[in-house]
There are 2 protein chains.
Amino acid sequence: MPVKQAGTTGKRADAQRNIAAILDAATECLGRDPAASTSEIAKAAGVGRVTLYGHFPSRAELLDAVFVHAIEGGEEALGQVDLSGDPREALSRLIESSWHLVDRYRSLLIAAQNTLPPGRVRELHADPMARVEKLIERGRKQGAFRKDLPTSWLVGVMHNVMHGAADEINAGRVTPDKAAAYITTTILAAFTPPGDRVPN
Amino acid sequence: MPVKQAGTTGKRADAQRNIAAILDAATECLGRDPAASTSEIAKAAGVGRVTLYGHFPSRAELLDAVFVHAIEGGEEALGQVDLSGDPREALSRLIESSWHLVDRYRSLLIAAQNTLPPGRVRELHADPMARVEKLIERGRKQGAFRKDLPTSWLVGVMHNVMHGAADEINAGRVTPDKAAAYITTTILAAFTPPGDRVPN
DNA sequence: GTCAAGTCGAACACCACTGTTCGAGTTATT
DNA sequence: AATAACTCGAACAGTGGTGTTCGACTTGAC
């Protein structure tokens, strides 16, 4: 009795393969077009539409699964970032990694916001949010980051600047290779305590 | 032969009234729900759906007209802001006024982005953008704002922080009365030249 | 008072998508 | 080799929008 993976318990091998293919195809399709249809996704997965509905009861639940999958992958990457040492440098490293994820999953996020029940997106973002919050809190205690604005606001600013960068790239006003540096520079300045000097 | 208003040239008086009512209703409906249907808008305007299509050939063209209308109103408000004197204080004033507009027309912008041809939104934003750019350029020359990031990026940051603030309010994490202050504080810090001190 | 301009609701055609059912065929598992 | 699990395409019903047509009616303009 082989150990089954969570979520695919008891499924036959070919079914598990198809589920994985659907998940991958959905990530890809929704990454291009947040309004991608189930037909489109099924076709991209090399699978019949009926099969898709056999594994996911509705478009919304498929989207949820895709989102959970993406978050898990992201958490894995983010978990390897060294958050110790100087808070400013740690934040730079975290931004660098986060940015790649935001860039990749931008369109997927829009899809999720359009179809998932309100609050679900935030719910799934709880872990990555906590990571950022914790770092910011530490930075504040050590005097590296400002304390005159709520932590949640600072987290939001970081989030929005990153997503804004994706828009700028889309519009062709920023080249992808420069985005991370722009974001880091901007955020470090925004987080600097009033009266302190903005880092070089 | 009375002088006719632009856009309603030659229309009868009741038709002009209806066009205005549709425009207002559309602004209101799309401000609540970016996906508001033509039926919904027609009903809110106290007008038959056929009448609506009699004045606007398609949903997209109606949306365009609504957007143009909103921009014009915004431009009028923004035009009265005093942009002379200390660039930081001028920017604070501009943010204060811009924020009210962003807050009011947030949902409308989403609707426009979803249905108008790509680039059209930016096209219509050209004037307000130019106003911000001009102020930033002046601030840079006088040493008040940083020069190590492109002006277009700084404009984008301001834009995104404001829209992010609207999200925070939606999520209940920020109260509307504090938003303007948070935005101003954040942007002034982000715009501070490296090596300079962040204002109080 | 005349007449064109405008309005209205009902009905229609159309489209794209979601989710389901059916029956026949295929494939993993034992 | 037997069987249960799985897959597939085609077809269906349902939904919710867009845009059009029709014919009867009302209202503004001159």
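This is a predicted model: local features need pLDDT of at least 70, side-chain atom pairs count only at pLDDT 80 or more; totals for chains, interfaces and linings use all residues.
Me: How do you know that the same surface serves both copies?

Reply: Of the contact residues of chain A, 96% recur in chain B. Contact here requires C-beta atoms, placed from the backbone, within 7 Å of each other. By that criterion, 28 residues of chain A are in contact with 28 residues of chain B.

Me: Which helices of chain A supply at least two residues of the side that touches chain B, and which gives the most?

Reply: The helices are α8 (151-170) and α9 (176-191) of chain A. With 10 residues, α8(A) gives the most to this side. The side is made up of 13 nonpolar, 11 polar and four charged residues. In these classes, Ala, Val, Leu, Ile, Met, Phe, Trp, Tyr, Cys and Pro are nonpolar, Asp, Glu, Lys and Arg are charged, and the others, Gly among them, are polar.

Me: How many helices and strands does chain A have?

Reply: Chain A has nine helices and zero strands. Each helix is a DSSP run of H or I with at least four residues, a strand would be a run of E with at least two, and numbering starts at the N terminus. The pattern along the sequence is accordingly α-α-α-α-α-α-α-α-α.

Me: Why is α8(B) called roughly antiparallel to α9(B)?

Reply: The axes of α8 (residues 151-170) and α9 (residues 176-191) of chain B come within 10 Å and cross at roughly 155°. Axes are lines fitted to C-alpha atoms, for helices over the stretch in contact, and angles run from 0 to 180 degrees between N-to-C directions. Angles under 35 degrees count as roughly parallel, over 145 as roughly antiparallel, 65 to 115 as roughly perpendicular and the rest as oblique. The angle therefore makes α8(B) roughly antiparallel to α9(B). By class, this contact has 14 nonpolar, one polar and no charged residues.

Me: Why is α4(B) called roughly antiparallel to α5(B)?

Reply: Helices α4 (residues 59-79) and α5 (residues 87-115) of chain B pack at an angle of about 165°, with their axes 10 Å apart. This places α4(B) roughly antiparallel to α5(B). Their contact includes B:Leu63 and B:Phe67 of α4(B) and B:Leu101 and B:Tyr105 of α5(B). Its residues divide into 12 nonpolar, four polar and one charged.

Me: What makes α7(B) oblique to α8(B)?

Reply: The axes of α7 (residues 126-141) of chain B and α8(B) come within 10 Å and cross at roughly 120°. That angle makes α7(B) oblique to α8(B). Among the contact residues are B:Met129 and B:Ile136 of α7(B), and B:Leu154 and B:Met158 of α8(B). By class, the contact has six nonpolar, one polar and two charged residues.

Me: How many residues surround DNA strand C, and which are the closest?

Reply: 20 residues surround DNA strand C, and the closest are A:Ala13, A:Ser58, B:Asn18, B:Gly48 and B:Thr51. A residue is near a strand if its C-beta atom, placed from the backbone, lies within 6 Å of it. The surface near DNA strand C has six nonpolar, eight polar and six charged residues.

Me: Which residues come nearest to DNA strand D?

Reply: Of the 20 residues around DNA strand D, the nearest are A:Asn18, A:Gly48, A:Thr51, B:Ala13 and B:Ser58. At least two residues of this surface come from each of α1 and α3 of chain A and α1, α2 (38-44) and α3 of chain B. By class, the surface near DNA strand D has six nonpolar, eight polar and six charged residues.

Note on methods. Residues are numbered from 1 along each chain as its sequence is written. Chains are lettered from A and ligands numbered from 1 in the order in which they are written. Two residues are in contact if their C-beta atoms, placed from the backbone, lie within 7 Å.
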